[in-house]
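Here are some friendly notes to read alongside the model. Take the points one by one and keep the structure open as you go.

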Amino acid sequence: MGPPGAGKGTQAKVVAEHFGIPAISTGDIFRFNVSEGTPLGKKAQEYMDAGEYVPDEVTNLMVRNRIDEPDAEPGFLLDGYPRTLAQVEELDGMIAFTGHRLDAVVVLTADQDELVDRLLQRAQVEGRTDDTEEVIRRRQEVYGEQTKPLIEVYRQRGIVHEIDGMGAIDDVTKRIYDALDVVPQS
Ligand code: AMP
């Protein structure tokens, strides 16, 4: 978890590879569907372009289908899900059904102004349609309103690791490994 631009996607890929499990990014799956023009992409696009969340029913079904894939059987790392209380409940139900367990919630913390700068730079490189300044600010707001409160829910379960997400990518990865008690491979 963490606000938009905190580096979730980058870290998720590295950490998931370390564990030999898939990094499941709801944002990436939505973007892929948008670019392919699928019915799911058509449903998601207007929400994404406005910086709003895609409705829970759509997102939940997509995640349910994805974690049913064979590569997720040994475990998986979720990037950008859950983001609402309804998604937390849904995820609990899904993993109770599949026999998985939520081991850890990694929260990347970051300075909000710096994040907006980072996202504007990324917009130039990646050309994401949801990376205009107005939409970036809206995404930060939506995160604060709908997703930040979930940290408390998971904190009460004792599985939250809050990590400083600022600085070099490798340094942040090391902080995550330290928190998760992981010995990095060289
Ligand atoms: P991300 O790349 O994770 O920042 O996601 C990009 C956009 O995809 C978000 O701004 C939302 O519109 C949508 N999205 C990604 N994950 C979710 C989710 N768990 N629930 C609802 N919408 C999501």
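Leaving aside its neighbours within four places in sequence, which residues is Thr173 in contact with?

1. Thr173 is in contact with Gln11 and Val14, once neighbours within four places in sequence are set aside; contact here means heavy atoms within 4.5 Å. Thr173 sits in helix 8, residues 169-180 (helices are DSSP runs of H or I with at least four residues, strands are E runs of at least two, and both are numbered from the N terminus). Thr173 is buried, with a relative accessible area of 7%; buried means under 20%, exposed over 50% and partly exposed in between, using a 1.4 Å probe and protein chains only.

2. Before going on, please keep in mind that this is a predicted model, where local features need pLDDT of at least 70, side-chain atom pairs count only at pLDDT 80 or more, and totals for chains, interfaces and linings use all residues. Residues are numbered from 1 along each chain as its sequence is written, and side-chain values use heavy atoms, with hydrogens and water left out.

3. Asp171 also belongs to helix 8. Asp171 is partly exposed, at a relative accessible area of 43%. From Asp171 to Asp181 there are 10 residues in sequence and 15 Å in space, C-alpha to C-alpha.

4. Now look at the ligand. It is surrounded by 16 residues, and the closest are Thr26, Arg31, Glu52, Gly80 and Arg83 (a residue counts when one of its heavy atoms lies within 4 Å). Helix 2, residues 26-36, provides the largest share of this shell, with 4 residues.

5. Some polar contacts can be picked out (pairs of N or O atoms within 3.5 Å). A backbone N or O atom of Glu52 is 2.7 Å from a ligand oxygen atom, while a polar side-chain atom of Arg83 is 2.8 Å from a ligand nitrogen atom. A polar side-chain atom of Arg139 lies 3.4 Å from an oxygen atom of the ligand. The ligand taken alone exposes 480 Å², and the protein buries 96% of that (areas by the Shrake-Rupley method, 1.4 Å probe).

6. Finally, the largest nonpolar core has 22 residues, and Met1, Phe76, Leu78, Val105 and Tyr154 have the most contacts inside it. Such a core is a set of buried Ala, Val, Leu, Ile, Met, Phe, Trp, Tyr and Cys residues joined through side-chain atoms within 4.5 Å. Helix 7 gives the most to this core, with 5 residues.

Note on methods: A polar contact is a pair of N or O atoms within 3.5 Å; within protein, one must be able to donate a hydrogen and the other to accept it, and residues adjacent in sequence count only if both atoms are side-chain atoms.
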